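Dear colleague,

Please find below the structure that I am handing over to you. My notes on what was found in it follow directly after.

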Amino acid sequence: MPGGGELGRCAVLRIGNASGFYGDRFAAFREMLTGGPLDVLTGDYLAELTMLILARDRLRDAKLGYARTFLRQAEECLAEAVERGVRIVVNAGGLNPARLAEALGEVTARQGVRARIGYVTGDELLPRAAEFGWAGEDPRRPLLAANAYLGAFGIAECLRGGADVVVTGRVTDAALVVGPGIAHYGWTPDDLDALAGAVVAGHVLECGAQATGGNYAFFAEHGDRLDHPGFPLAELHADGSSVITKHPGTGGVVTIETVTAQLLYETGGPRYLGPDVTARLDTVTLTEDGPDRVRIDGVRGEAPPATLKVGLNRLGGYRNELVFVLTGLDIEAKAAFVQRQLTRALTDPPAELRWTQARTDHPDADTEERASALLRLTARDPQEAKVGRALTAAAVELGLAGYPGFHLTAPPAAAAPYGVFEARELDAKEVEHLAHLPGGGTVAVQPERPSASGEVAMEGPQLPPPVEEDGPTRRAPLGLVAGARSGDKGGDANLGVWARSEAGWRWLAHTLTVDKLRELLPEVAQLAVERHVLPNLRAVNFTVRGLLGEGVAAQARFDPQAKALGEWLRSRHLDIPEALL
């Protein structure tokens with residue numbers, strides 16, 4: 001095969017990614033298979049919100065609960081993958097990996113493709129929810145899914161058992177890369193540094209084109225190269241080091257900064273916990289290895305925790321949204337007027353009514369849209385009826401009795417269910433991790449602990465010397481000298497910020513403190529905020545507790561996944577040394 005024959009014989013393992021989420025570029029599978037040599041192609045389809053979507057699918061049809069997009073991709077590309085000798089490892093099984101494996105078998109039989117299918121189970125804990133005290137007492141907020149985050153050794157067992165395709169349920173995103181590494185290089189639970197290096201490579205790959213310039217703070221510097229970025233791949237070595245790159249001739253860029261941005265995405269402190277190893281992010285070293293090539297090495301690993309993370313998805317209730325358009329003069333008075341009227345009209349109001357206003361209006365505007373502001377009402381309640389017609393009819397009835405220029409951005413819609421995500425921990429020994437081999441056998445993957453902890457003493461972060469304070473400064477946006485990447489972790493937001501130069505790092509490390517972040521982002525002023533310093537990456541990483549309420553599915557915030565929190569921060573002005581600008 002292009003990568004060097006059967007898995008286990010090639011000197012360097014080339015692992016690509018073709019999906020970063022459920023709904024990512026459909027054509028990426030074919031692009032990655034045909035764009036250059038690969039040994040393994042992975043796809044990440046699961047996220048906290050995705051598990052809720054799949055749970056609702058399963059409620060409608062017990063045969064569903066997996067990422068149907070992947071099945072269509074397999075119908076199109078599986079024969080190509082087998083012909084090229086590329087193994088496929090995906091977590092598209094979601095809540096029903098056994099059924100997805102069965103459906104893939106039907107595809108191979110129909111197409112006459114000789115592909116061996118393996119799958120991993122054991123993450124599903126919903127039938128045992130009462131045993132662990134997770135079931136809850138409120139029937140209006142039922143538990144829809146409960147899944148442990150499994151590690152990579154089950155994937156490795158399937159590959160060792162001859163699988164051409166491995167589908168899993170809820171494993172860690174990085175496990176899709178670590179599993180092939182284990183199978184290829186024979187790593188054991190004691191190979192902590194190698195496992196940690198593979199975890200870091202897996203974390204860089206897991207979000208697809210985010211590593212090749214997608215969602216990149218300095219996108220404008222690369223012109224049209226980012227219009228259609230190629231997906232990333234890792235050249236994984238026996239010691240766990242890797243080179244992140246992409247297929248030749250594809251769009252996008254791979255630089256130290258694009259890799260840094262992805263490393264900071266949805267991580268917290270220096271210790272990155274996982275079921276197989278704890279990777280020390282403060283030991284990661286990035287170096288240029290040629291055009292569109294970044295080497296990752298130096299990663300140290302420590303023993304994994306004795307517990308596994310468990311994600312719980314519940315039905316939180318029902319929500320609805322109305323957006324009122326306020327045009328021209330007296331914007332604030334119009335907003336207050338409609339709030340008074342609607343509050344009076346709702347005799348049995350929903351449990352939560354949240355009003356937010358976006359002053360998008362401009363004085364003496366040359367178009368009606370530029371003269372208008374938006375007033376958004378978000379309503380939530382355990383009872384669907386309270387945020388359904390009872391709410392929307394009350395708003396519509398104000399149409400000829402409200403503020404001048406009354407109208408909505410869209411017709412009223414029916415109430416929609418929303419979910420609530422919780423993260424728990426469970427002793428790893430409570431979880432039965434099973435690898436189902438292509439030949440029909442099943443292997444129990446025991447939660448092995450390494451024979452030694454391998455823990456590296458962790459000193460306080462070494463801050464660089466501060467910049468000279470007597471130089472001139474200029475009031476300017478932070479984004480002129482720093483990049484950022486942000487995202488969600490349950491109800492918390494992650495916000496990573498990196499400096500573009502060593503001088504910029506000396507300034508950023510001492511300037512962007514927790515207090516300064518609260519000053520720049522007033523929305524987080526009353527929340528618990530943690531700052532972690534990563535000198536090797538010239539970065540600080542913040543965790544903002546509770547910013548996203550009960551998680552993305554609850555949609556408690558304008559930007560429910562905090563995707564643009566970093567860009568908001570970069571737009572904020574502060575005094576920056578002119579030497580950096």
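**Overall architecture**

Of the 581 residues in the protein chain, 55% are buried. Please bear in mind that this is a predicted model. The chain contains 13 helices and 26 strands. Its C-alpha atoms occupy a box of roughly 75 × 65 × 45 Å along the principal axes. The radius of gyration is 25 Å, and because a compact globule of 581 residues would have a value near 25 Å, the two agree.

Asp292 is placed in the loop between strand E11 (285-288) and strand E12 (294-297). Which partners does the side chain of Asp292 reach? One is the side chain of Arg225, joined to that of Asp292 by a polar contact of 3.4 Å. Another is the backbone nitrogen of Val254, which the Asp292 side chain reaches at 2.9 Å. Beyond neighbours within four places in sequence, the residues in contact with Asp292 are Arg225, Ile244, Thr245, Lys246, Gly252, Val253 and Val254.

Glu206 belongs to the loop between helix H7 (192-205) and strand E7 (232-236). Glu206 is buried, yet it has no salt bridge. The nearest side chain of opposite charge is that of Lys489, 6.4 Å away, whereas a salt bridge would require a distance within 4 Å. The side chain of Glu206 does make a polar contact of 3.3 Å with the side chain of His203. Leaving aside neighbours within four places in sequence, Glu206 is also in contact with several residues, including Asp44, Asp173 and Gln262. Asn17, Ser19, Gly20 and Ala174 are likewise among the contacts of Glu206.

Ala423 is found in strand E18, which covers residues 416-427. Is Ala423 buried or partly exposed? Ala423 counts as partly exposed because its relative accessible area is 49%, and exposed would mean over 50%. Ala423 and Leu312 are 111 residues apart in sequence, while their C-alpha atoms are 6.2 Å apart in space. Not counting residues up to four places away in sequence, Ala423 touches Lys309 and Val310.

Most residues other than glycine have a negative phi. Two entries in this model deserve mention on that account.

Glu266 has a phi near 55°, a positive value in a residue other than glycine. Glu266 is placed in the loop between helix H8 (256-264) and strand E9 (271-272). With a relative accessible area of 14%, Glu266 is buried.

Arg538 has a phi near 50°, again a positive value in a residue other than glycine. Arg538 lies in the loop between strand E24 (529-534) and strand E25 (539-544). Its relative accessible area is 27%, so Arg538 is partly exposed.

With kind regards

Notes: Residues are numbered from 1 along each chain as its sequence is written. This is a predicted model: local features need pLDDT of at least 70, side-chain atom pairs count only at pLDDT 80 or more; totals for chains, interfaces and linings use all residues. Side-chain values use heavy atoms; hydrogens and water are left out. Helices (H or I, at least four residues) and strands (E, at least two) are DSSP runs, numbered from the N terminus. A polar contact is a pair of N or O atoms within 3.5 Å; within protein, one must be able to donate a hydrogen and the other to accept it, and residues adjacent in sequence count only if both atoms are side-chain atoms. Contact means heavy atoms within 4.5 Å. Buried means under 20% relative accessible area, exposed over 50%, partly exposed in between (1.4 Å probe, protein chains only). Lys and Arg count as positive and Asp and Glu as negative; His and the chain ends are not counted. The radius of gyration is taken over C-alpha atoms; the globule rule is 2.2 Å times the number of residues to the power 0.38.
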